[in-house]
Amino acid sequence: NEVVVTAKKAIVRNLGMNYTISNIRGSYIGNAGNLMDMLSWTPGVSVINNETISVLGRGGSPLIYVNGVRIMNQSELNALSSSNVDKIEIIREPGSEYPMGTSSVILITTVKPIGEMINGELTETAAFRRSFSDHFRATTFGRIKRLSFNASIAYNLIQNNQSSNSKYDIFSSYSDNDINQVIEQTSRIKNHSLNWFVGANYITKNKTTYLLQYSGSYGDNSSAINTLHTINRSHENSVTRYNTNSDAIPIKHSVLGYASFKILGGFLKFTGTFNHLTNHTKDLYTDEYFSPMSSSRYHYKYNMATFQGDYSHKLPGNGKYSYGLYLGYTDNFMHLSNPLTHKAQDVTGSSKWLEAYFSFTKKYRHLSFQGGLRGRYEFNTNTENTAKTKKLNYTNVAPKISINYSISEDYILSASYALSYG
């Protein structure tokens, strides 16, 4: 009557500061759920509140690529399934081929369909602990002749009731006016989110690749917090009750186009993206009789368009060089108002930038060399209400070089140097 459970084991291989996790499909990482769930189980990667991603030991947020195409909207990570992931590469020392200021990179490679096929997946997970959560995802993918496609939609619901008590004692050595404060809070939080992704990839007979993707998300987040604030002094006591109600509706849309051509023994790649984000937030503060004490409304709009061109070519022997251009434009608008006081504030801003880079890799027996140079020019403007527009521009140059010496499969010596000058 013995029950034997078998599962694939993911394989981790280090290369200096970077490492690769392979054999993922069918392992505990590959069966995590969506790509965001998968990253939370990935060694060396931290995911906080299903939103903030970081690589341990590196500051900032990593750039994430799926099959060589950069993720521009995190809703893609919530919509795509982890069951088709074959390999994850964590780059903790990014080269010059990545945008200026990149602290780390996560490369995700999925399994490509072998032959013509259409597949579908429906999953739902509900959990009730101190909070209730429900996650539903529908996915379809496949290949018809030279066209492969992927579409997914995911819905998430999280309901949470919390309570907290805080106590503060303030003692004075100069008087008998000691203060004791007690803050009691109860909160009800309810978050809805809908994420979607549609992508198609077409490969011609001469290996030219065309890719088009659209992804987006819609959120409806609300919270209600009741607070009882008690202050006890030596000569008097006071009790204050107030309520805080917040509602936020963030909406995101992303479009990406990609093309890859084989030219002169190398690959020429073009990538264009457009992102649009809006967020509407309302906050209302009331007293114990639910009379308005304060109110604020926040409206934010953000647009970003980018274009990148890269060319890479293999060097004689075991090496590669690449160079390219990266340019982009952003504009944003923020409106903050208080309906009770009829005060408002408007802030607008924009940014334009151009980057160029050159990088190379070369291997010789147990030694490997990586180096490159990247430069950036950026021009920013900012206007608040009717004030004069502020303008700022700067130039930055960043050379990088690293050397790895492989003693054995388990031991590697690494040295790197990077400089940012602007």
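Lys-205 sits in the loop that connects β12 (179-203) with β13 (209-233). Strands here are DSSP runs of E with at least two residues, numbered from the N terminus. Lys-205 is exposed, at 72% relative accessible area. The cut-offs are under 20% for buried, over 50% for exposed and partly exposed in between (1.4 Å probe, protein chains only). The model is predicted, so local features need pLDDT of at least 70 and side-chain atom pairs count only at pLDDT 80 or more, while totals for chains, interfaces and linings use all residues. Residues are numbered from 1 along each chain as its sequence is written, and side-chain values use heavy atoms, with hydrogens and water left out.

**Surface patches**

- Lys-205 belongs to a surface patch of positive charge, together with Arg-146, Lys-207, Lys-262, Lys-269, Lys-314 and Lys-320.
- Patch residues have over 30% relative accessible area and no salt bridge; like charges are joined within 9 Å, and nonpolar side chains (Val, Leu, Ile, Met, Phe, Trp, Tyr) within 5 Å.
- Lys and Arg count as positive, Asp and Glu as negative; His and the chain ends are not counted.
- Phe-270, Phe-307, Leu-325, Leu-327 and Leu-354 make a nonpolar surface patch of about 420 Å².
- Areas come from the Shrake-Rupley method with a 1.4 Å probe; for residues, only the protein chains shown count as cover.
- Leu-354 is in strand β18 (residues 343-364). Leu-354 is partly exposed, at 41% relative accessible area.

**Salt bridges**

- Side chains of opposite charge can pair when their charged atoms come close.
- The rule asks for a side-chain nitrogen of Lys or Arg within 4 Å of a carboxyl oxygen of Asp or Glu. By this rule there are four salt bridges.
- Arg-374 pairs with Glu-355, with the closest N and O atoms 2.5 Å apart. Arg-374 is in strand β19 (residues 367-384) and Glu-355 in strand β18, 19 residues apart.
- Arg-374 is buried at 3% relative accessibility, and Glu-355 is buried at 1%.
- Glu-355 also forms a salt bridge with Arg-376, at 2.2 Å between the closest N and O atoms. Glu-355 lies in β18 and Arg-376 in β19, so this pair ties together parts 21 residues apart in sequence.
- Glu-378 and Arg-376 meet in a salt bridge of 2.8 Å, N to O. Shared partners join Glu-355, Arg-374, Arg-376 and Glu-378 into one network.
- Glu-378 is buried at 11%, and Arg-376 at 14%.

**Open sheet**

- Six strands form an open, mixed sheet in the order β1-β2-β7-β8-β5-β6. Its edge strands, β1 (11-15) and β6 (69-70), each pair on one side only.
- Pairing requires at least two DSSP bridges between two strands.
- β1 and β2 (residues 18-22) run antiparallel, joined by five bridges. Asn-14 has Tyr-19 in β2 as its bridge partner.

Conventions:
Charge placed at Lys NZ, Arg CZ, Asp CG, Glu CD. Helix = DSSP H or I, 4+ residues; strand = E, 2+ residues; numbered from the N terminus.
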